[in-house]
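Hello,

Here is the structure I promised to pass on.

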Amino acid sequence: MGKIDAYIFIEVEIGKSEHVLNELRKLAIVKSVAFVTGIFDVIVRVSVNNLEELYEATVKYIHKIDGVKRTRTHIIEKELKQEG
Amino acid sequence: MVSKKFEFYFLALFSGVFVSFYVLMDAYGLKALVPDPYVYSFLCEWIGLVTCLLYLLVLSIPTTIKGKKRPIGYYLDPYFQGLKIPRGKSLQYILGAGLVASVSTITYFIAVSFSDPSMMLPLMRFSTIYLLIIDFIREKDVPSAIEIESILSVTLGAFLVTLSKGKIDPYTIIITLVIMNGCFTVYTTFMKKLQEISENGKKNDSLNLRFWSLFFLTLSLSIMLTPFLDKTRIEMIQKLFFSPMIFIFFTVNMGFAFLSYVMYIRALGKGKMSIVNAVVSINIVLGIPLTFLGVKLAPNVFESISYDAFLWIIKIVGTIFVIVGILALSISEVKAYILLRVSSKHAVDILDKIYKIRGVESVAAVAGDYDYVVKLRIRTLGKTYNIIVREIEKIKGIIQIMSLPIIKEWEIL
């Protein structure tokens with residue numbers, strides 16, 4: 001079975017961004033972490049083997065990071081991407 | 001985690017580093033081993049082709065990488081799947097690239113025979129400006145001020161670094177600016193094109209591209225060299241081809257060239273041609289310490305460097321221009337996420353339409369609050385606005401656009 005990729009948009013409490021960032025970068029399923037300006041603060045891209053793993057990662061790990069206020073997970077159904 | 005940008009500049013920079021290595025070896029070889037340029041190029045290309053094939057065969061040996069069976073060449077280019085014969089459109093472009101490269105090589109030797117080559121090197125740098133114009137036409141987009149500034153800075157800097165007190169005649173200028181730079185521009189454009197087309201769903205890899213373009217270059221160069229090969233030159237080739245010393249020299253020399261071209265072609269697949277070329281210009285700067293090294297190691301071959309102070313000031317100014325230009329290019333890049341909501345009626349085919357917009361690195365149809373997540377990679381934030389307003393808003397069915405410029409990003413390669 002192929003991998004499931006998803007974007008997780010995260011709202012972070014003021015003053016906790018450095019901590020959240022360091023915790024996210026420790027996660028093995030995390031492929032990229034981007035700090036953005038706008039309605040969210042961090043956009044994380046994850047790659048998992050199944051939905052169970054995604055659930056585990058969000059509920060048991062990301063939600064427990066001190067400073068994570070709210071997350072919005074968007075599972076990728078189809079993607080066009082420039083290779084490289 | 002490192003960024004993709006890092007990979008692009010790594011490839012282009014090291015391509016330039018390897019160029020400076022083989023240029024130094026060429027300078028040594030032409031003076032100490034094979035003084036005749038025609039014989040030199042004939043030997044260089046043929047031995048180069050043989051060793052390139054050997055490298056490719058070694059790189060085709062299968063091994064296990066991350067649990068999958070892959071050839072060793074995977075480390076140099078992830079698309080490499082062993083030696084394959086080009087077909088269809090790819091074949092046409094590779095043939096074209098080989099031909100123009102051979103025209104430029106033979107022109108170089110003809111020009112060297114009647115003029116001072118020291119003036120050709122600085123003029124060769126101007127092909128980057130041709131590529132800037134082609135990038136501009138290809139991408140249907142005005143280059144940003146920082147791009148023009150940096151590329152001009154690198155090109156003029158490289159011009160100054162290579163400048164020497166040689167005689168200059170109008171023929172050399174015309175040959176260099178029109179034929180040689182023209183050929184090089186066409187070669188680069190073809191290589192860029194080859195990165196974009198795929199045969200039977202498989203992308204062209206840089207290793208095969210290098211080998212087959214060298215193959216056609218060697219064939220067509222040999223045909224063009226034939227009228228210049230008189231009896232003494234043929235005897236010389238016969239004698240030198242089987243000399244182990246010469247063979248080892250060209251194997252190493254063409255090994256550097258191989259690495260440099262593979263990295264150059266891969267970098268072309270990742271960014272604008274003019275920027276790749278500007279970054280590769282680092283070899284001009286590296287050439288200075290390497291020449292000193294050459295003088296130290298082989299004082300009888302390399303003339304000791306005795307430029308006057310005035311020329312040195314010009315060279316230092318040129319070096320600063322090159323480095324500042326490359327730095328400015330690599331620092332100025334903006335990425336942004338764009339989140340889109342669409343009305344359900346129009347949800348078909350939007351993925352393709354968005355993907356075709358210039359600057360879009362990836363577009364994903366997602367399930368959640370938003371319907372699409374688009375990732376942009378552009379030069380300035382102003383361009384983001386252009387892309388959003390002009391292009392994305394034109395697409396029917398999009399009801400909400402949310403843009404999130406990226407401040408900092410980490411990626412796993």
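**Where the chains meet**

β4(A) and β6(B) pair in the antiparallel sense over 6 bridges. Within that pairing, A:Leu80 stands opposite B:Val363 in β6(B). Bear in mind that this is a predicted model.

The contact takes 30 residues from chain B and 26 residues from chain A. On the chain B side, α14 (350-356), β6 (360-367) and β8 (398-411) each supply at least two residues. The largest share comes from β8(B), with 10 residues. By type, the chain B side divides into 18 nonpolar, 4 polar and 8 charged residues.

The largest nonpolar core has 85 residues. Which members touch the most other members? They are B:Leu43, B:Tyr187, B:Val276, B:Val279 and B:Val322. Helix α10 (residues 244-268) of chain B gives the most to this core, 13 residues. A second, separate core has 42 residues and includes A:Val20, A:Val30, A:Val33 and B:Leu376.

Leaving aside neighbours within four places in sequence, B:Val322 contacts B:Val154, B:Gly157, B:Ala158 and B:Val161, among others. The list also includes B:Ser281, B:Ile282, B:Ile284 and B:Val285.

B:Ala101 sits in helix α3 (residues 88-114) of chain B. Is B:Ala101 buried or exposed? It is buried, because 23 other C-beta atoms lie within 10 Å, and the cut-off for buried is 20 or more. B:Ala101 and B:Tyr187 are 86 residues apart along the chain, yet their C-alpha atoms are separated by 6.6 Å. Beyond four places in sequence, B:Ala101 is in contact with B:Cys183, B:Tyr187, B:Ser213 and B:Leu217. B:Tyr187 is also one of the core residues named above.

B:Leu160 lies in helix α6 (residues 145-162) of chain B. B:Leu160 counts as buried because it has 22 C-beta neighbours inside 10 Å. Its C-alpha atom is separated by 4.9 Å from that of B:Gly318, 158 residues apart along the chain. Not counting residues up to four places away, B:Leu160 touches B:Ile314, B:Lys315, B:Val317, B:Gly318 and B:Phe321.

Now helix α2 (residues 51-61) of chain A. A:Leu54, A:Ala57 and A:Thr58 are buried there. Seen down the axis of α2(A), the buried residues fall within an arc of 85°, so they line one face of the helix. An α-helix has 3.6 residues a turn, so residues three or four places apart point the same way. On the other side of α2(A), A:Glu52, A:Tyr55, A:Val59 and A:Lys60 are exposed. What do the buried residues of α2(A) pack against? They pack against β1 (4-12), β3 (42-48) and β4 (68-81) of chain A. β4(A) is also the strand that pairs with β6(B).

**A hairpin in chain B**

Strand β1 (residues 62-65) of chain B runs antiparallel to strand β2 (residues 68-71) of chain B, with 4 bridges joining them. B:Thr64 stands opposite B:Lys69 in β2(B). The two strands, β1(B) and β2(B), form a hairpin with 2 residues between them. In the turn, B:Lys66 has a positive phi of about 50°.

Best wishes

Technical notes
Residues are numbered from 1 along each chain as its sequence is written. Chains are lettered from A and ligands numbered from 1 in the order in which they are written. This is a predicted model: local features need pLDDT of at least 70, side-chain atom pairs count only at pLDDT 80 or more; totals for chains, interfaces and linings use all residues. A nonpolar core is a set of buried Ala, Val, Leu, Ile, Met, Phe, Trp, Tyr and Cys residues joined through C-beta atoms within 7 Å. A residue is buried if 20 or more other C-beta atoms lie within 10 Å of its own, exposed if 12 or fewer, and partly exposed in between; C-beta atoms are placed from the backbone. Two residues are in contact if their C-beta atoms, placed from the backbone, lie within 7 Å. The arc is that of the directions from the helix axis to the C-beta atoms. Ala, Val, Leu, Ile, Met, Phe, Trp, Tyr, Cys and Pro count as nonpolar, Asp, Glu, Lys and Arg as charged, and the others, Gly among them, as polar. Two strands pair if DSSP finds at least two bridges between them.
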